[in-house]
Amino acid sequence: KLDYENVIRGVVAGIGFDSYVDDLSSVDSKGLCDKTCEVLVRINKQSPDIAGGVHVGKDDMDVGAGDQGIMFGYASDETEDCMPLTHSMATRLGKTLTDVRKSGELWWLRPDGKTQVTIEYLQKADGSVEPKKIHTVVISTQHAEPSKATRKKECAGYSGPDMTAPSMEEMNKLIVEHVVKKTLRDIKLKNGEAAI
């Protein structure tokens, strides 16, 4: 039998949510704590009607779709991976933001970052569009208190030399350098050039 609560708490901790203080002015709270969050498990057997339409009594080649699913998107020639350029950029920025937090490179970052990318396009005479330039990159992320938080207090289990979080201005510069520029250099446009 699977211990769902233990699995969920492990995932919450793995994301980095390990501190909750019920005080809106708290700079120590990450908004959720793996040890104290309420976990409700409400998993029931699949409806017999859905099971009959999906897999019960069917051969391997006649299996229907499950009872839940989300589909989104379209193919695009803007990038090598055929994803819309804004989606590709925003997704990769979010991944890099997580990577530099988890690796300790930007240890003062906290979970729950968001990204948004706006592209300016050039519309051609045939109606097709081509990315002209990156108009805006927005990254919003939780972070430790600038110029005050310490790594030993912020990062559970960290035992190296202690250090203080950078100023807000320095945090912004480091995010631009280690997240934005690093990520956009790795995204190739359909003409083979880097996005930045």
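Predicted model: local features only at pLDDT ≥ 70, side-chain atom pairs only at ≥ 80, totals over all residues.
Which backbone nitrogen lies 3.2 Å from a polar atom of the side chain of serine 26? The backbone nitrogen of serine 29 does.

Residues are numbered from 1 along each chain as its sequence is written, and side-chain values use heavy atoms, with hydrogens and water left out.

**The chain**

The chain has 5 helices and 4 strands, in the order α-β-β-α-α-β-β-α-α along the sequence. Helices (H or I, at least four residues) and strands (E, at least two) are DSSP runs, numbered from the N terminus. Of the 196 residues in the chain, 28% are buried. Buried means under 20% relative accessible area, exposed over 50%, and partly exposed in between, with a 1.4 Å probe and protein chains only.

Serine 26 sits in the loop between S1 and strand S2 (32-33). Serine 26 counts as buried because its relative accessible area is 18%. Aspartate 77 belongs to the loop between helix H2 (48-54) and H3. With a relative accessible area of 49%, aspartate 77 is partly exposed. Its C-alpha is 8.6 Å from that of leucine 189, although aspartate 77 and leucine 189 are 112 residues apart in sequence.

H1 has 12 residues, which should span 16 Å at 1.5 Å a residue; the end C-alpha atoms of H1 are 17 Å apart, which agrees. The expected span is 1.5 Å times one less than the number of residues in the helix. Glycine 16 follows H1 and has a positive phi, near 120°.

Strand S3 (residues 114-123) pairs with strand S4 (residues 129-140) in the antiparallel sense over 10 bridges. Two strands pair if DSSP finds at least two bridges between them. Threonine 118 stands opposite threonine 136 in S4. S3 and S4 form a hairpin with 5 residues between them, and glycine 127 in the turn has a positive phi of about 95°.

**The pockets**

A pocket is found on a 1 Å grid over the protein atoms alone, as an open set of points where a 1.4 Å probe fits, with protein on both sides within 12 Å along at least five of seven lines; lining residues have an atom within 4 Å of a point. Grid points are joined across faces, edges and corners, and a volume is the space filled by probe spheres set on the points.

| Pocket | Volume | Residues nearest the centre |
|---|---|---|
| Largest | About 350 Å³ | Lys30, Arg101, Glu154, Cys155 and Ala156 |

The largest pocket is lined by 20 residues. Helix H1 (4-15), helix H3 (85-102) and helix H4 (151-154) are the elements that give two or more residues to this lining. By class, the lining of the largest pocket has 8 nonpolar, 3 polar and 9 charged residues. Ala, Val, Leu, Ile, Met, Phe, Trp, Tyr, Cys and Pro count as nonpolar, Asp, Glu, Lys and Arg as charged, and the others, Gly among them, as polar.

The lining of the second largest pocket divides into 5 nonpolar, 2 polar and 8 charged residues.

Technical notes: Polar contact = N/O pair within 3.5 Å; in protein donor to acceptor, adjacent residues only side chain to side chain.
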